[in-house]
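Take a look at the model before reading on.

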Amino acid sequence: MTWARELAERLLAEPLPRRWAHSQGVAARAESIADVFGDDAETLIAAAWLHDIGYAPAVSDTGFHPLDGARYLRRLGAGPRLCSLVAHHSCATIEARNRGLADVLAAEFEPVGGVLSDALTFCDMTTTPDGEPTEVEDRLAEILSRYGDGHLVAESIREASPCIVDAAAKVTELIEAR
């Protein structure tokens, strides 16, 4: 996963140090649970490193970071599964719809779904913006507070919250059963 870490660092560390800290925390979380995911462990870890590269000024195009990051990875030759995980991470389909990009997202990247997608959501939504572990409910509250009522991101996260909480619960069960 060195290539994924190096790419994320190159794109995020200098222009967006807090986003880089978050990405490091998400990747650490993925590495800590990777043994549960067998053959998908490397894909999970790579997606954790890369999930937010769409925020990077060098990558941002539409302003919707999951789509921008996935498109960038596709241009670099990343596999479709990894690109789709980035494109759809943390219930991004809801925000895509609210931005008028749902058809574009669906046409370009097929959702991965299942436990691997849930695991990336878990890692993202149990990591603070500063890269520290947190509870999913606290992370959701932080996002709502940061963006404020009426903001498209806040409204999308509010709508996605049941899906995110459910994904985190499923992954927590898997982790506890190991």
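Where is the place of T121? T121 sits in helix α8, which covers residues 114–125. This is a predicted model: local features need pLDDT of at least 70, side-chain atom pairs count only at pLDDT 80 or more, and totals for chains, interfaces and linings use all residues. Residues are numbered from 1 along each chain as its sequence is written, and side-chain values use heavy atoms, without hydrogens and water.

T121 counts as buried because its relative accessibility is 3%. Buried means under 20% relative accessible area, with a 1.4 Å probe and protein chains only. Leaving aside residues up to four places away in sequence, T121 touches H89, S90, C91, I164 and A167. A contact means heavy atoms within 4.5 Å.

Now the whole chain. The protein chain has 10 helices and zero strands. Helices (H or I, at least four residues) and strands (E, at least two) are DSSP runs, numbered from the N terminus. The radius of gyration of the protein chain is 15 Å, close to the 16 Å that the globule rule gives for 178 residues, so the chain is as compact as a globular protein of that length. The radius is taken over C-alpha atoms, and the rule is 2.2 Å times the number of residues to the power 0.38.

| Property of the protein chain | Value |
|---|---|
| Box filled by C-alpha atoms, along the principal axes | roughly 40 × 35 × 30 Å |
| Buried residues | 50% of the 178 residues |
| Contacts joining residues at least 24 apart, among those between residues at least 6 apart in sequence | 66% |
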